[in-house]
Amino acid sequence: MLIQAHSPNPHFFFLAPNPSVSRHFSLHVSHLCGLKAPIGRRSARTSKISASGEHSPTNNLGKKRKVFEHISLLKAKENISEKEENDMLDYLYTTQYQMGGIVAVSLGRACDQNNERYTHCVYMRFQRKEDLEKFYVNPFYSRVLKEHVMPYCHGLIHVDYESEVEDDMLPIFRKGEEFNYGVEFVLLIKFLQDSFGEPLEDALNSLERLTIANPSLIVQFTQGFNFNPSCKEFTHGIVIRFRSINAFEIFTGCSDYKEMWRSKFQPIIQKTVSLHFSVDPVGTEIM
């Protein structure tokens, strides 16, 4: 059952947990502030922040590699069973083994109740735009949607954007210990048309600088302009991989983040939807 609950971040809501699908999500209620490393989590070297292909990076240290990010948000039917949900997620996850071009996948049930009532998220990364374009028309993916997704969902949107990551195998393919677990935060935004230019770039660069300043909390950050012609609802997509639930709560609950959102983003946003889901260690997502 979806419920609203208090959150330290004004654009977050929460979803009541279902123990039967706990491997896909968990409930967050912390009100921690102060940007410091989560208790019990060692600080490790992380990949540098990426920047949108539409906007200049504020920190361009090191060689970068272009990547193409794909986000799907789904609205599952209220009466979806555990078996049906697991079947849907497992088929979506295994698309990476059935077609070329997909270099990373994460997916799960939303931990938070968002204003658009999306219940699940699928994130994929492609090395080339051509691979992403082929993905949409691939017969296997079409069959997965028809037989294993749409029977259980009544809403589905796609957002695609170009970004950059550190030119190294681990951050590109999202492999290694740092990517085996954590929290995936997905934020879709429709910015006001008259904000394009300096106000929009200032907001995105402010978020970029804040993520760069907190490598003990954040593993990777990408953002970019949505070029998917089928989705006019949102102009930009953002994906942040946090090291843990605790790291997510610290970052989104801190005064610096909330002030940045209030002063830089809210004045230029027409519409937004955000959700996050927990990522289990590799090898336990598909049972």
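Colleague: At roughly what angle do the axes of helix α3 and helix α4 cross?

Modeller: Residues are numbered from 1 along each chain as its sequence is written, and side-chain values use heavy atoms, with hydrogens and water left out. Helices (H or I, at least four residues) and strands (E, at least two) are DSSP runs, numbered from the N terminus. Axes are lines fitted to C-alpha atoms, for helices over the stretch in contact, and angles run from 0 to 180 degrees between N-to-C directions. Here α3 (residues 129-137) and α4 (residues 139-149) have axes that cross at roughly 50 degrees and come within 5 Å. The two helices are therefore oblique to each other (under 35 degrees is roughly parallel, over 145 roughly antiparallel, 65 to 115 roughly perpendicular, the rest oblique).

Colleague: Which residues of α3 and α4 meet?

Modeller: A contact means heavy atoms within 4.5 Å. On the α3 side are Phe-135, Tyr-136 and Val-137, and these meet Pro-139, Tyr-141 and Ser-142 of α4. By class, the contact of α3 with α4 has five nonpolar residues, one polar and no charged (Ala, Val, Leu, Ile, Met, Phe, Trp, Tyr, Cys and Pro count as nonpolar, Asp, Glu, Lys and Arg as charged, and the others, Gly among them, as polar).

Colleague: How do the axes of α7 and α8 cross?

Modeller: Helix α7 (residues 245-253) and helix α8 (residues 255-265) cross at roughly 50 degrees, and their axes come within 5 Å. That makes α7 oblique to α8. Phe-251, Thr-252 and Gly-253 of α7 make the contact with Ser-255, Tyr-257 and Lys-258 of α8. The contact of α7 with α8 consists of two nonpolar, three polar and one charged residues.

Colleague: At what angle do helix α6 and α8 pack?

Modeller: Helix α6 (residues 198-212) packs with α8 at about 170 degrees, with the axes 10 Å apart. The pair is therefore roughly antiparallel. From α6, Asp-202, Ala-203, Leu-204, Ser-206, Leu-207 and Leu-210 meet Asp-256, Tyr-257, Met-260, Lys-264 and Phe-265 of α8. The contact of α6 with α8 divides into seven nonpolar, one polar and three charged residues.

Colleague: How far apart in sequence and in space are Glu-201 and Lys-264?

Modeller: Glu-201 and Lys-264 are 63 residues apart in sequence and 9.9 Å apart in space, C-alpha to C-alpha. Glu-201 is in helix α6 and counts as partly exposed, with 29% relative accessibility. Buried means under 20% relative accessible area, exposed over 50%, partly exposed in between (1.4 Å probe, protein chains only). A second pair is Ser-274 and Leu-188, 86 residues apart in sequence and 6.2 Å apart in space, C-alpha to C-alpha. Ser-274 lies in strand β8 (residues 269-279) and is buried, at 4%.

Colleague: Is Arg-109 buried or exposed?

Modeller: Arg-109 counts as buried, at 14% relative accessibility. Arg-109 belongs to strand β2 (residues 102-109). Its side chain makes a polar contact of 2.9 Å with that of Glu-85. A polar contact is a pair of N or O atoms within 3.5 Å; within protein, one must be able to donate a hydrogen and the other to accept it, and residues adjacent in sequence count only if both atoms are side-chain atoms.

Colleague: Where does Arg-117 lie, and what is its phi?

Modeller: Most residues other than glycine have a negative phi. Arg-117 has a positive phi of about 60 degrees although it is not a glycine, and it lies in the loop between β2 and β3 (120-126). Arg-117 is partly exposed, at 42%. Arg-174 has a positive phi near 50 degrees and lies in the loop between α5 (169-173) and β5 (182-191). Arg-174 is buried, at 9%.

Colleague: What is the mean pLDDT of the protein chain?

Modeller: The mean is 82, and 76% of the residues reach 70 or more. Over residues 1-60 the pLDDT is below 50, though this stretch has 181 contacts in the model beyond near neighbours in sequence. Residues 283-287 also stay under 50, with eleven contacts beyond four places in sequence. Where pLDDT is low, the predicted coordinates should not be read in detail.

Colleague: How many helices and strands does the protein chain have?

Modeller: The chain has eight helices and eight strands. Of its 287 residues, 55% count as buried.

Technical notes. Predicted model: local features only at pLDDT ≥ 70, side-chain atom pairs only at ≥ 80, totals over all residues. pLDDT = per-residue confidence, 0-100.
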